[in-house]
Amino acid sequence: MAINNIWVFAQASGGVATTGTLELLTKARSLAGKVTAFVGGDAGAIAASLGEHGATKVYATGDLAGKLPGVALAAAMKSVIDSGDSPDVIMFPQNYEGRDTMARLSVKLNRTVLTNNIDIADTADGVVATTPIFGGNVLVATAFSGQGPHLVSFRPKSFAAESSGGAAPEVVAVAVPDLGKQGAAKVVATHSEKSSGPKLDEAAVVVSGGRGLGEAGNYTLIEDLAKLLKGAPGASRAIVDAGWVPYSYQVGQTGKVVKPSVYIAAGISGATQHMVGMKGSKNIIAINKDKEAPIFGIADLGIVGDVHKVLPKLIEALKARS
Amino acid sequence: MNIVVCVKQIPDPASPGALDASTHALKRDGKLILDESDAYGVEMALQLVASAGSGEVFVVSMAPNGETSGMRTALAMGAVKGLLVSDPALAGSDALTTAKVLAAAVTKLGGADLIIAGTESSDGYTGTVPEQIAECLGLPSVTFAKKVKVDGQVLKVDRQSETGYDEVECSLPAVISVTAGVVEPRYPSFKGIMDAKKKPLDVVTAGDLAVTPAGWAAAGQKIVSVTQAEARKAGTVIEDDGEAFGKIVAFLENLKLI
């Protein structure tokens, strides 16, 4: 099928469109003549940048007043589709709100979902999405069969965000229908973790620690090294689950996807779950006691050694230079 | 308070996964175990029922081959009853069909005050089933819960967000998905394992639940190719002789990062 009309699930953070949104818009405009951004909130501040990246139209729900976005936005999308604007494809980011919205909408529309993708193409087989499995060693291409709208989500950094210099889009207000008891969940307070230094998924250098650190107190080695390299500290799922560091530090399948110039993995064996989130790094340095650790299979420089010995010496050497 | 936990039985993640040559689906013909990420939901349910002072924990699951060993683990932890939907016609089902089947199974058990699932399975990780179950049942939901409390008829959840967490309140009945690490799952005791063998575990078909199975043919998706990704090559691996940190310094220097 030919793709003519694509919607992109658009999000803002701190008053600007998220990088993930702009990545999806850039890909959408290469596939379809008509690209619409669907915003759960006010579109005012971000409409211009959505237009610059390919959206010619924006649907905006206005403030959600504490409703959880998934249930509210799926209902709003369904009402627009019912009123006659039915897209061929809806592209979602692989994050909390994208996942919830596509899940609710899939039931309302009785359509399948394809998640965790890194690419999409319009082919003779139909709309085909590609997802990496087995830690990214195998790529599976899956075609949607049947009628659209096809619901598909993408991992961060699957596409590059590039401006097309597009004009300001038309902004259309969409009301969230009455959700009844399904809308009973309400956000009553919001907590943001303060962090200094570069953001984990944007830093040029990422230093991550894992179980090999031995105990939570040793994570300061990771923070010290990251600071010296003007990078961001990260973590494996194992030490996040163990409560050593907050979830926002997690790199991997269920955490952040990072592609820094240098990724340093200290005391991380390299579970599939972790490697998926960092194997796109330009350079990888790994330090681990076990020379059989899978992380050495993808490291440009592997040190078989004790992180408690290597890291303090490395930190000392870097401090001596600064 | 009665709680239904939706669990998945998966091939042991410790052994390497393989795809079936003809269907390209993950092979599930061996012994299946309780997905580790579902152990958190089972534990959370047991703790909530214990603090409510009354109620029971049930588990539901779907599997094409009648496998129950993973569900027995949940029963050994303390769940009182299981319902497995097993039907060869369900092989190849997509996440939407899975959610319809599990929602029907919850209804068959008489509903619940709270329905708990993991955020995503460790083998397929589609990650939409909990929210799809909520929509099928017409219930509110709170996904990505990292802390859960029930205060009378009000569910109070700390829900993970991109920048931290949100405090969310919701009426019951509701569906929640819980993250790994939300609680520390207990190990089944020897007595628990023995008791679990005698606990009721019903096995029904999709037809028994009046759900139309949508296996390979009706999944709305078809795998068109499976290819090897370009492999990342291993570089230099050296044993630390006490001076290996110097190699890292040189590596960073070479990239002009220091």
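## Strand E7 of chain A and Asn116(A)

Asn116(A) sits in strand E7 of chain A, which covers residues 113-117. The model is predicted. In this model the phi of Asn116(A) is positive, near 65 degrees, although the residue is not a glycine. Most residues other than glycine have a negative phi, and most peptide bonds are trans. Asn116(A) counts as buried because 24 other C-beta atoms lie within 10 Å, where 20 or more are required.

## Other backbone features

Lys256(B) also has a positive phi, near 60 degrees, in a residue other than glycine. Lys256(B) belongs to the segment after H6 of chain B. Is Lys256(B) buried or exposed? Lys256(B) is exposed, because it has 7 C-beta neighbours inside 10 Å and the limit for an exposed residue is 12 or fewer.

Two cis peptide bonds can be described here, one from chain A and one from chain B. In chain A, the bond from Gly148(A) to Pro149(A) is cis, with omega near 0 degrees. Pro149(A) is part of the loop between strand E10 (138-144) and strand E11 (150-154) of chain A. In chain B, Leu172(B) and Pro173(B) are joined by a cis bond with omega of about -5 degrees. The loop that holds Pro173(B) runs between E9 and strand E10 (174-178) of chain B.

## Helix H1 of chain B

Helix H1 of chain B consists of 17 residues, 36-52. At 1.5 Å a residue it should span 24 Å, and its end C-alpha atoms are 25 Å apart, so the two values agree. The helix is mostly covered, with twelve of its 17 residues buried. Among the buried residues are Tyr40(B), Val42(B), Met44(B), Leu46(B) and Leu48(B); Asp38(B) and Glu43(B) are buried too. Just after the helix, Gly53(B) takes a positive phi of about 90 degrees.

## Nonpolar cores

The largest nonpolar core has 129 residues. Val8(A), Met91(A), Val5(B) and Ile133(B) have the most contacts inside it. H3(B) gives the largest share of this core, nine residues. Leaving aside neighbours within four places in sequence, Met91(A) is in contact with Ile6(A), Val8(A), Phe9(A), Leu24(A), Ala28(A), Val152(A) and Phe154(A).

A second, separate core has 51 residues, including Leu225(A), Ile239(A), Tyr249(A) and Val257(A).

## Contact between the chains

How many residues does each chain give to the contact? Chain A gives 75 residues and chain B gives 64. On the side of chain B that touches chain A, the elements with two or more residues include helix H3 (95-108), helix H4 (129-137), strand E7 (141-151) and helix H6 (245-254) of chain B. The residues on this side of chain B divide into 30 nonpolar, 22 polar and twelve charged.

Strand pairing also links the two chains. Strand E13 of chain A, residues 186-192, runs antiparallel to E9(B) and is joined to it by six bridges. Lys186(A) has Glu169(B) as its bridge partner in E9(B).

## Domains of chain A

The domain assignment divides chain A into domain 1 (5-183) and domain 2 (205-321). Taken over C-alpha atoms, the centres of domain 1 and domain 2 of chain A are separated by 33 Å. Six residues of domain 1 of chain A are in contact with six residues of domain 2 of chain A. On the domain 1 side, these residues divide into two nonpolar, two polar and two charged.

Note on methods. Residues are numbered from 1 along each chain as its sequence is written. Chains are lettered from A and ligands numbered from 1 in the order in which they are written. This is a predicted model: local features need pLDDT of at least 70, side-chain atom pairs count only at pLDDT 80 or more; totals for chains, interfaces and linings use all residues. Two residues are in contact if their C-beta atoms, placed from the backbone, lie within 7 Å. Helices (H or I, at least four residues) and strands (E, at least two) are DSSP runs, numbered from the N terminus. Ala, Val, Leu, Ile, Met, Phe, Trp, Tyr, Cys and Pro count as nonpolar, Asp, Glu, Lys and Arg as charged, and the others, Gly among them, as polar. Two strands pair if DSSP finds at least two bridges between them. Domain bounds come from an automatic or database domain assignment. The expected span of a helix is 1.5 Å times one less than its number of residues. A nonpolar core is a set of buried Ala, Val, Leu, Ile, Met, Phe, Trp, Tyr and Cys residues joined through C-beta atoms within 7 Å.
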